[in-house]
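Open the viewer and get ready to select residues by number.

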Amino acid sequence: MHLNGVGWIAAIIIGGLAGWFAEMFMKSNTGIFMNIILGIVGAIVLNAILQALNIGVFGVGWTAYLITGFIGACLLIWVGRLVRR
């Protein structure tokens, strides 16, 4: 698993922030645990999508992980809403 140059503890903290930002942006109602999961899994999913499309990642470090996690979490929230319909 590739964490964009951040450690596990930092990934949890940044993932929580990314998930929280995505929750506010997408106006979903999730808790803190789900925000962390959405942020971390969102970053992993978006990195995999970018690599599959042969597009480079947004960079390495906290900021890149936050951006990737936010976009990935928004993508996961959107897909979740499509599935629930």
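Here is a short tour of the aromatic pairs, with a look at confidence first.

This is a predicted model, where local features need pLDDT of at least 70, side-chain atom pairs count only at pLDDT 80 or more, and totals for chains, interfaces and linings use all residues. Residues are numbered from 1 along each chain as its sequence is written, and side-chain values use heavy atoms, with hydrogens and water left out.

**Stop 1: confidence.** Colour the chain by pLDDT, the predictor's confidence in each residue, from 0 to 100. The protein chain averages 84, and 92% of the residues score at least 70. Now select helix H2, residues 32-52. Helices here are DSSP runs (H or I, at least four residues), numbered from the N terminus.

**Stop 2: the ring pairs.** Rings of Phe, Tyr and Trp (its six-membered ring) pair if their centres lie within 6.5 Å; planes under 30 degrees apart count as stacked, over 60 as edge-to-face and the rest as tilted. By this rule there are two aromatic pairs. Select Trp20 and Phe21: their pair is tilted, with 5.4 Å between centres and 45° between planes.

Next, select Phe25 and Phe70. Their planes are at 70° and their centres 5.6 Å apart, so this pair is edge-to-face. Phe25 sits in helix H1 (residues 8-26) and Phe70 in helix H3 (residues 62-84), 45 residues apart, so the pair links distant parts of the chain.

**Stop 3: the surface.** Is Phe25 buried or exposed? At 55% relative accessibility, Phe25 is exposed (over 50%; buried is under 20%, partly exposed in between, with a 1.4 Å probe and protein chains only).

How values were computed. Helices (H or I, at least four residues) and strands (E, at least two) are DSSP runs, numbered from the N terminus.
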